[in-house]
Every structure is written in C-alpha cells, then in structure tokens.
Amino acid sequence: MSGETLPELRIPVTRKLIVGGAIATRDYQDVHHDAVAAKERGSPDIFMNILTTNGLVGRYVAECLGPGTQVWAVKIRLGVPQYPDDELVFTGEFTPGDDGTGQVSVVGRNRLGAHVTGTVTVVLAEEARE
Amino acid sequence: MSRSAPDRLGGRAAIAGIGATKFSKDSGRSELKLAVEAVHAALDDAGLTPADVDGMVSFTMDTSPEITVAQAAGIGELSFFSRIHYGGGAACATVQQAAMAVATGIAETVVVYRAFNERSGRRFGSGVTRREPSAEGVALGWALPYGLLTPASWVAMAAQRYLHTYGLDAAEALGPVAVTARKHAANNPNAYFYERPITLAEHAASRWIAEPLRLLDCCQETDGGQALVITSAERARDLRQKPAVITAAAQGAGRAQEQMTSFYRDELTGLPEMGVVARQLWQTSGLAPGEVDVGILYDHFTPFVLMQLEEFGFCGPGEAAAFVREERLPLNTHGGQLGEAYLHGMNGIAEGVRQLRGSSVNQVPDAARVLVTAGTGVPTSGLLLGADG
Amino acid sequence: MSQDDDALHERLKAYEGKSAGEGGRGPDPVNDPMIRHWCEALGHPAPPDGSAPATMLQVWTMAGYNGPTGRSENYLEMFRLLDEAGCTSIVATDCEQEYLRPLRPGDELVYDSVIETVSPRKTTKLGSGHFITTRMELRVGDETVGTHRFRVFKYAPAKARKSSEEAATKAKRPRPVVNRDNAGFWEGVADRKLLFQRCDGCRTARFPWLPGCNSCGSQEWTAEEASGDGTVYSYVVMHHPPFPAFDPPYAVGLIELAEGVRMICNVVGVPYDKVRIGMPVRLEFAEVEDDLVLPVFRAEEAV
C-alpha cells in the first residue's frame, strides 16, 4: 500500500498561467479568460481548464521522474476549482511495477482543498531505472 | 445480562446455497422481483427446488413479506417465518433464526433473503426529516431538529470521539479500510467498483460528507437481492455444494442501546453490542481471534470496521487502524459494502460461504474459519462459519 | 428527484452509445510550435526525443477560437435539451487518457467519439445537472494512438436556482418528535428551561427522557433543571447531502452537561470548523424559526 514519496512541486497560479494555459491548449471557453463572464456563470473568478491541469500533472511526473519518462495513462478527477492568485502544490507517491513501469498517485492541492487527484502510469527512461 | 456459556446451536446447521441478483444502481424491476430472483438463484446453487422450502426469514425493513416472496417463487406451505429488526443488524440473525428452526426440527429448509432498490428507490443516505411519535421515533427525534439527519452523521459522531480518544488522524486511520475494500472489489467482476481501486491519497482527497467521514468512508448504495439457503449440517452434506457449517451464531444489544444514536452511554469508542456478539461466538465455538482465517466485517462506514476488530479482540483498543494497515487479517475479500455492493450485509455472508468453498475471487488459501458480522451502530448479529469436517 | 427530472433523464439516456462525432480531424498536424508554446505556458520540460508531451493529447483535437466543430448532431441535440432545461453551464470533472505511442511532429490525428453515459440529475455545490461521459479514440492513419474518456457536468448554476427557491417558502427544520414520554422536556424548553430526569430510586441522572431508569428499573423520577454548563463531548461537521433548512457546512455537537448527561445540540458563537472536543459551552435558547425554540450551546472560549 505504500510507495516512494515524491518531492513536492509548488506552482504559483497566476492569471497569466490560467489564461496562457487555456490558449496553449486551444480552449477558448470564456470561464478560463473572462472574469466577468465567469461571474455570470456563478464562479467567483476565472478558473484553470482541465487540459492545463492534466498537463501540469504530466509536468509533475516529468520533473520528479525525469523528462524521458514515458507516460502511458493518466486518470484524473477534479475537486475544488483552481482560481488565480493561489498556489497549486503537487505531492505524489511512486509505486514501481515490473520492467521499469510504475504508478504515480498524485494530488494537487490549493488553499480550497484538493484540486486534482489521480494516478499516472509510467515507464521510466532507461537511465532512471535502478 | 448476556450469556456467558456456550449455546447448543453450534455446528447443527449449514448454509447450503447462496444466490444473488446483479448488483446495480437501477435494477429496473420491483423489490419483490429481486427477492424472488435471489431466492431462486440460492436454491439452484444448493440443488434444491422451491418445493423443498418450508421456512423463510428476512428483515423487518424488507418490503417483500415472506408469504409474498413464497407466493411468487413457487414455494408452498411454510411452517416457519420470521423477520429481524434493526436494519443491517439483522443480516447474520436471519441465518441464526433459520439455524434455530432447523436445529429444533421446526423447519427443514429455510431461505433467508434481503432485496431492495436502495439506490434507485428509497435511499437511506438521503436522510430522515420526520418520525412518528412512537418510542422508536422519539429516540431518533432528539437529533433531528439540530440537523443530524443521516446515517453517515450518526456514525461520524462516534468516530470523532474514537479518533480523538486514541489520537488518530481520520485519513490515516480510516483510509486503509477503504483502500483494502476497493483493492478486493477491483478483482471482483460482480462488484460495482470492479477494476476501480483507490489509493490512500484519493481517499484523503475525497470530499467531506460528515466530518470526520469523507465520501470514500461511506459505502455505496445498491439495487439488488441476496438469498441464502439453510438446512441441517447433515442434509447439507448430501447437497450440491460443500456446506458452510454455522459454527456459532449470535445476536447482541448493549446496555442503553439505541439505533444509530447510542450517544448517551459509555465512551463512544466501541460497539458494546458487537462485544455481546463476540463473547457468544467465541464461547460457543471455542475459537480465539488468531484462529480466524478471514474477517467479513460490516462496512457501511469505515470507522466501525476498526471498532469491530477491537470488540472481537483481534487487537487492543485504538490499535485497529494499525492492524488494518499492516494487513494482519484478510478483510472483506468480496470488496465489502464499500466496494462490492450495499446489500445490508447479506452479500458478506455469501462471501464467507465462498471462502469456505474455495471459490472467492480473492481466495484465502485453505480458509476454514470465517467471521461474518452484521450492521453496526444498531443491535446486531454475527456468525462464525466453518468448513465441514 | 422530480418526475420532470426523470423524464429529462429518460430522454438524455437515449443518447447513450450514440456517436458524439465521427471522423473528426485535428485542425493542425502535431507540430513543434504548438508543442513549444504549450511547454512554455505550463512550464513543462520538453521531451528530449522531440515528441509531443503525452498529456497534450487532447490539445490536438481542440477546435479553437471559432468554437466546436466536428460535433455530431446527437451531441448538439443533447446539449440543446440540457440548455432548455436550464443546464446552461458546463465544467469538466474527470479525464482518463491512455497514450499508446508518443505523437511526433507531422502526425495527423483523426478521432471518433461516443457518448458513453448520461447520469441522472445530480446536485453538487455548483448546481444541479447531469454528468456526461464521452470516450474518444484517436488515430494516426489506421493506428490507434490514444484514448480519451472525458466527463463533464452540464448544470444549472446553484445561485440562479437558489433565488427561485428562496422565493418559495423557506424550508423548515425537522420538528422535535414529541409524545407522552418526553413532552415534559419540550414544555421545559418552551419555558426556557433545560430539564433532565433524575431517578427517585438510585439518583441516576437521565437523558434522553424515558419513563423508567436503565440503572435500577425504577419508574419514579423527578425533572431537574440543568445548570447550563457543558462541554463538547463529540461533534460532526455536516457537508452532504444538503438539507434546505440548514446551510452546510454546519456543526452538530454532542454536549455533556455538568450534571453528566449528554444531548445532541447545535454549537453557536464559533465557526463550524473551530468546534473542538472538550470546548466549554453554555446553554442558551434560540428561536430558530417563528414557532420553534431550541436549546443551543454557545462556545465560551474566544477563538
């Protein structure tokens, strides 16, 4: 039930990251760049799109396990929204499998609680295997 | 005062058949129809027919009376019928009643069942906001005006005190119970959460329901039915399946017992009613906790699994969280109600039988002694089942 | 769930298994500039072999500035049904992806997607609506390179709903359940007194109210007024499900009175997340609704 605890990654979440992430993922939904429209839809502010969150989960795994790590699968569930002017703190646990594969369980928390929880299935790059 | 001597029921009856419907979130049929399907499946499993049945037992909470299930299942005259009260606490007691009827010759073949559309119909988790002014209604009524309205919240009140008393963190103490159940369910094609294990991190990150309980501390809600066939141990040996002998069966209610709201007695750190069951099961069977191969412990909410382990003496008070984390006893190998289905504990009895037959999806090698318990937080019951011979 | 909700769900369920878009094409082949921009914005290290980061998968299928294209008529119809039912907002909740091989510049993606499931009406903090799960298969030529399961919540925002609910009569708290055995307690509350019972036989203090004593069986008792001092013996913070008469999250305490008996009560004068076991509290009476007075306990410590 236990694996290797991975280092924490703290990502400052600015308005620039939320809007930049939305556009880099080609997501033009107004709630990800237009605060007025977001309020009309019942959200206090713009919030991060799931494609950016998914990408940041990928980034966390790449930074912890090395950029040559192959990601086979990602399963994520969103919890509380990610608004700007906050910090997204990733923590994770790596459980090795057979033949250089492994599972990373990841949680990304902000000041409201868990923004994202999930598991990532990876194959380590040759040089990262022990 | 509860008994302190072995009873004379031990070993005289056996579970000869088990049968269930599909466990779903929307059965699309009536509760009666589910009950009948489960009864037929259990009789088929035993190699018996409706004509062989002369006794039936269910829960007072079941909406399908014994006579109506018999009528629709092709069962004829009944010489024994009974219903047990107190929600899921009835589960193992249905088997005890059946065994008593069989052991005394009042009936020969008794079918026990529980079937409901608990997810698509009346959901227990949606809470209570009104009660009749009966003694039973008044007892629960003390909590209602203050917004303590759901089963999760009633369990949470005791869980909070338990965690506080032993200095435990909710996520660390309760997470392993949920993770273990879902790990087992992940291998069980009949489980709702088949192939969907969870991690401790996912448990800890799941949303609050009633602090200190999170979503993943709470069992699912299910539509389905489960039935079991009980006959004498002797006759069971001649039937189709390997008998699961009822080594001991017991009911228990504690002093100052309530249904889910026993807040006004003792320290709120245990389940005294399960202690009554435990003493009787150990006395009648002559067994000790170390001799049990598998524990199927009622898990509608994770904290009460910990308290049950302590009441049965598998570990000391406050030690159950570590006991589960260290996987010192195979627990809820079907996935429990957290992972397989919420069938008011009856699906757990079926799993106990499968372990003794050697047909569980998470088979414990050579399992010969299984402890099964019924609903917690209410007057309850338990069984020790044994392999024959 | 209302009958209208059921009827809508029936109509929505008919879309399960239907195509949500066939033969969709990524607007651009996998290309270096988009990879670079994405890595830059997200702070993601560039894969050393020049492939696209795996978690970029969905980006290649996004329609971009000019809005959705390549959606099937089924999908659009289902969304129109939801819009008409007031479920005009949407939020993504889950994403499951498998990456069968790395994508490289020049790969041209085509994809098919199917509506897997539509949930019954669910209420979350955001509002009330339906979860829709779609599954997409992505190919390059005939080769499947990835799969993508996506769940969104299409809902009517809670704020918009609340105002219409508030216009209706405010929901009331559950009433106390009163009969001959405990009427004395509620008569006491009406006089702003908290009464417990004391057994005339063995002097044991008793709560909840019952006609006889669990310690000695005596049926004789006397009502006594509590001093009003107590401590929090345990507590729960209620989050879910929401009950209209309460406003989650809220705390419910199990209070131990100085006289040794316990009762369920609300704890006031302290935020729900600051209630603690052992906290001293003091009795008050609150007129929580026009015709409902309840005892409550106020936290004594400044927190």
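**Reading the contacts and sheets of chain B**

Guide: In this predicted model, strand 5 of chain B and strand 10 (residues 229-238) of chain C run antiparallel and are joined by 2 bridges. Within this pairing, B:E211 stands opposite C:V237 of strand 10 of chain C.

Visitor: How many residues does each chain bring to the contact of chain B with chain C?

Guide: Chain B gives 42 residues to the contact, and chain C gives 39.

Visitor: How is the size of such an interface expressed?

Guide: The accessible area lost when the parts come together is often given as the size of an interface. For chain B and chain C, about 3,400 Å² is buried between them, with 64% of this area on carbon and sulfur atoms. Three residues, B:W142, B:P145 and B:Y146, supply 26% of the area that chain B buries against chain C, more than any other three residues.

Visitor: Which helices and strands of chain B supply at least two residues each to the side that touches chain C?

Guide: They are helix 4 (135-141), helix 5 (151-165) and strand 5 (208-211) of chain B. Helix 5 of chain B provides the largest share of that side, with 6 residues. Sorted by class, the side of chain B that touches chain C comprises 19 nonpolar, 12 polar and 11 charged residues.

Visitor: What area do chain B and chain A bury between them?

Guide: Chain B and chain A bury about 710 Å², of which 70% lies on carbon and sulfur atoms. Across this interface of chain B and chain A the rule finds 0 salt bridges and 0 residue pairs in polar contact, counting pairs with both residues at pLDDT 80 or more. On the chain B side, helix 6 (170-186) and helix 7 (200-205) each supply at least two of the residues that touch chain A. The largest share, 4 residues, comes from helix 7 of chain B. By class, this side of chain B divides into 5 nonpolar, 2 polar and 2 charged residues. The contact as a whole takes 9 residues from chain B and 7 residues from chain A.

Visitor: In what order do the strands of the open sheet of 9 strands in chain B stand?

Guide: The order is 3-2-4-7-1-8-11-10-9, with mixed pairing. Strand 3 (80-84) and strand 9 (294-296) of chain B each have a single partner strand, so one side of each is left without a neighbour in the sheet. Neighbouring strands of this sheet are turned by 25° against each other on average, direction ignored.

Visitor: In which sense do strand 8 and strand 11 of chain B pair, and what packs on the sheet?

Guide: Strand 8 (residues 244-252) and strand 11 (residues 380-387) of chain B pair in the antiparallel sense over 8 bridges. There, B:A244 stands opposite B:A387 of strand 11. Helix 9 (residues 272-285) of chain B packs on the sheet and touches strand 8, strand 10 (369-373) and strand 11 of chain B. The direction of helix 9 makes about 145° with that of strand 8 of chain B.

Visitor: Why is one side of strand 8 and of strand 9 of chain C left without a neighbour in the sheet?

Guide: The open sheet in question has 3 strands in the order 8-7-9, with antiparallel pairing. Strand 8 (205-206) and strand 9 (221-225) of chain C stand at its edges with a single partner strand each, so one side of each has no neighbour in the sheet. Strand 7 (residues 195-199) of chain C pairs with strand 9 of chain C over 5 bridges, and C:C199 has C:W221 of strand 9 as its bridge partner.

Technical notes. Residues numbered from 1 in each chain as written. Chains lettered and ligands numbered in written order. Predicted model: local features only at pLDDT ≥ 70, side-chain atom pairs only at ≥ 80, totals over all residues. Heavy atoms only, no water. Contact = heavy atoms within 4.5 Å. Buried area = accessible area lost by both parts, 1.4 Å probe. Salt bridge = Lys/Arg side-chain N within 4 Å of Asp/Glu carboxyl O. Polar contact = N/O pair within 3.5 Å; in protein donor to acceptor, adjacent residues only side chain to side chain. Nonpolar A, V, L, I, M, F, W, Y, C, P; charged D, E, K, R; others polar. Pairing = 2+ DSSP bridges. Axes fitted to C-alpha atoms, helices over the stretch in contact; angles between N-to-C directions.
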